[in-house]
Each structure stands twice: as structure tokens, then as C-alpha cells.
Amino acid sequence: MYSFQGKGAWSARRPLFHSIIMLAMLPFSAEALAESWYFRGTANQWKAAPLQMDAASQTQSIEIDFARQDKNARFKLDRFADWTESVPAQDLQVEDCSRVRITFRPASRAVDVKKIADLREGACAPVAAEPAPQPAPAPAPQPGGPDFRSETIYFVLTARFYDGDPNNNYYNRDRIKLGDPHWRGDFKGLIQQLDYIKDLGFTAIWITPPVENRSGLDYHGYHAYDWNRVDPRLESPGASYQDFIDAAHAKGLKVIQDVVINHSSNYGIRGEVWIDRLPIKYYRPQGGSPIKNDPYKDNLGDYLSDFREDNDNPVAPAWFRERQNTDPAGVKPLVDPKSGVTVPLAGYNPNRFFGIDAQTLDPNWYHLDGFMAGGDWESPKSLQRKHMAGDTIDLATERQNVKDYLNSAIHRYLDMGVDAIRLDTVKHVERNNLLEYVDDWKAYKPGLFVFGENLVKGTGLGQELSNDNAPAAIRPWWYTRRGNDPANPRSGPDSGFSVLDFSLFSTFRDNIRGGNFGGVGGILGWDWIYGDATQLVTFFQNHDVGPDNDFKYRFQGETWKAALAYNLLWTIRGIPTLYYGEEIEFQKGLPQDIEGGTMTLDQTGRAYFGDNLKPDRLATTKGHPLFGHIKRLNQIRRSIPALQKAPMSQVQEWGGGMSFVRDFNNGSSYAVVGLAGESAQSITVNGVKNGNYRDAITGREVTVRDGTLSFTVKDRSIGVYVLNGPGKIGTDAVYLR
């Protein structure tokens, strides 16, 4: 478990000017020396290494080599090896290419760092060239670092995917269904199912935010309470977040971490800012009847806590902190300092336990502009200053203290090996302010791929460019550019930030549902407005939306129509993403999220998936026609660079079919693609390169001498004719033949 707690933790990276740092002058006790402390730093990838105790000198110490740290050698000391207590508040930076002895005095919290050897002639010496012949070097990466367009993404709600450790399961206090705890999946389960994801052909895993959450329904991770701590309901002994990242990398899979900077939970931020509330265990409903919903019996609060308290914020006022570790039954009288009323009291104002008074928030951390309503959703000022809901409290992201807190936490996850970031609620943060965060992360980890969610249900072009009901300043393309003219996307360069392709997704309600491609060509014609359309992240459905009448349900159409969508997404520009369970039409036709007053998660698209991965059901899962379909699409895309990275040209769309050309690096990888809807299509593409083409679906070969390529695509299938290509890739599937 990672907690990296303390104000400013991980944010400063200062050189170690003094060899002894006095962290706190505390009276010595024998118990202090007996404390177990661990070294963690860049020298050992931040893993825990125990310090050795010396009773005679009342110290603990370790010798360790810092080599090839790129002038970024630093460390902390961690008590218990779980980051619940670490010193100092800021990383200690040391000289690289050196062996140091670190001596720690638990009684005074003093750290002594002494260089004992120079490693520039040893571990840091230049690596000699190997005399043996070396293989040809791989092609150079794209400018700025690895090219994420080569990947395909599998998206999971970690807490709902696979339960590897029932001991960390947890019921939220809302929408309880016994036997199906909200926090059910975990990193141990994900580690156990990496081979399943890899067998499907995916190369990257996008997980929901792993940071500690607090709210009545926080299993999804979007109600952050402590960005500096991984939620313990996701971790297990031997299966921490770090263990998951390491295991994924060992399988050749990249990790995409979902990040929220727009808002916190309604509990404030642990150790940083308090939001005025009464302890929830003193809440009593009208009439005074006990709260009987298992496992929340008689009162609310964290049912696994000895004191039934779910708000352990250390910056709470003294009157609140006194109840954090006392009165588990919530019966001792407590005077509400705001009203003078004594609780518990049946029917007392529930807003004092669950609500937020926006005017009383700390302006150093939060905006004070109230809550979203009515037309606020299409107004930039309202979107970016008001709170979306009572458990998503809008952070003052423009303030330096907020930037420092969030960025220092993200740096730590990048240090752990996170490969890319998906950013939540993009349009709720002003464009230039959001790019300040993105630029910081990309400077910290050059080549980092960052994309975000800017939800629109329509073209999403903006009033300045089309018949839209909102300005371009809150539309997806605006965030991929740095210009200042919303009527001219080309007025600014690529921002280095990409987005989920909601504009394309929004067409699926009108075309894929009918088994055709009508309107797709029109949307692709607007690709020029994005900083780089080839880096858009494409999808068919996700945890919030699906391609049906009101974008509310998991796709409920015929199976072949879903295959049609995947045929499109895996061959056009962009990075395709699959939401967990789509490969077996999981929860088909059900709401993506809870609706009404009583629906539980098992009745939604966020249901627990793990039963489908149990040994006795795995063969059935892998036997679903869409499983094999997506697996083969991944094989094909992985084998053809043009399908990964090339822009689109010569796009033709006629409802029942489509064709286009993907030309990467001036012909180094060149593909002509045709797609068929409900009926077979005869396709002719003019102006293509001459040469020998092979279809990745059928293996058919065609020689082009006059710049014209003609071929037929079977109904509901595709043709991928690759110049000097490998021929047939994979085996026939139901919709790929």
C-alpha cells in the first residue's frame, strides 16, 4: 500500500546540502529504537529495504548504491514499509554514482547521509561495446518518446473485474446487495487475469483511479480523498499497486492510470483541507428507527472501523477529531457548533452529515460558486467553477498549492512505472489550466501519453464551427490545440494532449444500431481540427455511456452490429479501447450506471465480471464469437503499422460500406481498407500505390499496375489489403472471413 502522506510529500527535489537532517526533536525511548524502518528510493525502485538496528549507538542504518539515477537520486525512510509514516516530508536528494551509508536515529528522527565510495569507475562507468555482432536496431521512436498509437486498450473498473482477495471486499453504504460487495475486484485479481487480457490481444490496461476514495458509493475511484495513498480495498499482501504494475510490465502490458484533478470527495483531502460536516455515525433518520441495512446496523460510518468513523482527516477541528477514536455507537451527545443542536437527533438536517455548503469551503482549495443546474452544462464558466454533485467538490486547480499537491502525487505514480494517464472531466477545467498539469507530467516523464474525457453527445465541434449548442472552448478538439481562436483550429499547434473520441461515438446511435456506417465519413472529415487525430482514443461504450437512443445502456443490438463497430474502430485512425465484458456482450442492454432509487450494481453495466473468468466458465467466455473477433482484430492491427499510426485519406462512405487508405511514413506501411455492412460490398479505390497487395483477412493477392485496386468484402466483414503485406493474419472468425 502506498500512502506517501504529509504536506508537500514528494513535491520537492532539493539537493542534500547538510549530511544530518533533524526532522523532529523527540524524547528518546527504548520503543523508538525498536521501531521498524525501511529505506525506499530510486536506488531500489522505491521498494522497502529494512534498516539494520544497532542498540549500542541507538541507530538504524543501511549502505546502498545510487547508480545511473540521471541526477535524480533520492530517497525517504518509511516506517512499517506501508507508507503510513515516512520521513522526511520531502525526498532527500543525494549525489548520483555513489555508495552511501544512511544512518537514522528513531528517537530524534535525524538522518545522517555519508558518501563512502565513488561508483563512476564501477556501476556508473560507461558500458563497453560488445564485441559480438548486434542485431539491427529497432526503428527510432516518435519524437518525444514511445508511440502509444501502437497499443490497444482494455478498460476495467478494478473493483468490479475479478476478486483475487475476498479479505479486502467492502460494502458501500448505498445500493447494498448482500453477496456482491461494491469493492470486490482488486489488484490481486487483475494480476491473476493478466493472461486473459493478453490472450485477447490487448497491450495496455486502463484502470479506474486507484487513489483512496470516500463517499457513499465510491467503488469506482472518482471520489478521491487522498491522492497520496492507494486505496487499501484494492491491495493485498503481495499484490500492491506496485506489484500489479510490475506484473503487467513482466507480461508486456502497459498500465494507464485514470486521474481526477477537477474535484475531490466531499470529505476534503486527508491532511490538507477539511470540509465542515458532522460525524456520520450521529445521523438518525426521521422517526428514529435504526438503520438496519447489513452490514450498516444501527448507524452509518465505516463498518470495518472500530469507531464507526469514515472521516479520519487529521486537519479536522478538535471537536471532530475527539470523536474519530471514541463512541463507536454514536450515542454520546455532540453539539453541532454551527447550529447549537445536540445530536444524535432523529430527523436532524441530513445536509449536516451528507451535504456541502459551498460558501463555507476553503477558498485556498475549492471554488465557491455553488452547484451545477439547468443550462450550466453548456457554459464554460459554470462548468469550470461549480460543483458537479454533492460528492464531487470542485477544486481550485489554478492555485499553486493545489497544483503542487496533485502533481507531486502523480509524479510518484509515474515513478512507480505508470505508462500513460487518462484524465477525467476535462471540460470542467479551463483549457490552459489543464495543460499546465499535462505539461508538468510530460516534463517529469518525457514521452508520456495523456488523454482525457470530454463528454459530448453530438459532433462536439462548437458553436464557432457548426450548429452546436455550446462554445468550442469546452469541446474536445479545443484541448488538443494551443491556439486562441475557437473559430480557427489551425491557429494553434498540437497541445500534446489527446481525447476520447466522443464525436465519432455519438454517431453510433444512428448508424451502427442500424447496421451501417452512415455519417462516419462526415465526422472523419473533421479530423483536421484536432492536434493529431491519429492519437484520438476510440471506443464503442464505456462505464458512463453506450451507443443507444439516450446513450444510457450497454449495447443491446444484434451481435454482428457490435462486430461492425469493432471492424471500424480497429482499422480507422486512433487507439481502440474495449470496456470490460464487451467481448462477451456482458450485461447487454442494461443501464451503464444505477438509475432510480433502488437499483444495485448487479443490474447495471458495472456488474461484477469475475464469475465469467472462473475455470468452469472460462471456455464459454472465450468461445463467444466476439472474443475471437476482437482477438483477431488485435492480431491484425498489431502486425500492420499503418493501421496503428497512419492518418486516413481517400475516405469514401456510402452507408452500406466504407473504404479508405492508411499510408504510414510515405509508404513504409501502406494499407487499403474496405468495410461492409449488412450486405457484401464491391469496392474500388483509385489513386493507390502500384504493387503487390495481400489481404490480411482472406490472404487474397492483387497486383496493382494502374493505381486502381478492386476487391469484394463479404457481409459484415472487412478487407485489409496491405502493400507487400504478410497475407492472411490469424484464423477466420464469424465476422472476419
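Helix α9 is mostly covered, with 13 of its 17 residues buried. The model is predicted.

**Helix α9**
- Helix α9 comprises residues 400-416, and its 17 residues should span 24 Å at 1.5 Å a residue.

- Strand β12 (residues 204-207) is covered on both faces. A204 and W206 are buried on one side, while I205 and I207 are buried on the other.
- Strand β11 (residues 153-156) pairs with β12 in the parallel sense over four bridges. Within this pairing, A204 of β12 is the bridge partner of I153.
- Strand β15 (residues 254-259) also runs parallel to β12, and four bridges join the two. Here, V255 of β15 is the bridge partner of I205.

**Surroundings of S265**
- S265 lies in the loop between β16 (263-264) and α6 (318-324).
- The relative accessibility of S265 is 0%, and S265 therefore counts as buried, the cut-off being under 20%.
- A polar atom of the S265 side chain lies 3.2 Å from the backbone nitrogen of Y267.
- Setting aside neighbours within four places in sequence, S265 is in contact with R214, H223, A224, Y225, I275, Y366, D391 and I393.

Notes:
Residues are numbered from 1 along each chain as its sequence is written. This is a predicted model: local features need pLDDT of at least 70, side-chain atom pairs count only at pLDDT 80 or more; totals for chains, interfaces and linings use all residues. Side-chain values use heavy atoms; hydrogens and water are left out. Buried means under 20% relative accessible area, exposed over 50%, partly exposed in between (1.4 Å probe, protein chains only). A polar contact is a pair of N or O atoms within 3.5 Å; within protein, one must be able to donate a hydrogen and the other to accept it, and residues adjacent in sequence count only if both atoms are side-chain atoms. Contact means heavy atoms within 4.5 Å. The expected span of a helix is 1.5 Å times one less than its number of residues. Two strands pair if DSSP finds at least two bridges between them.
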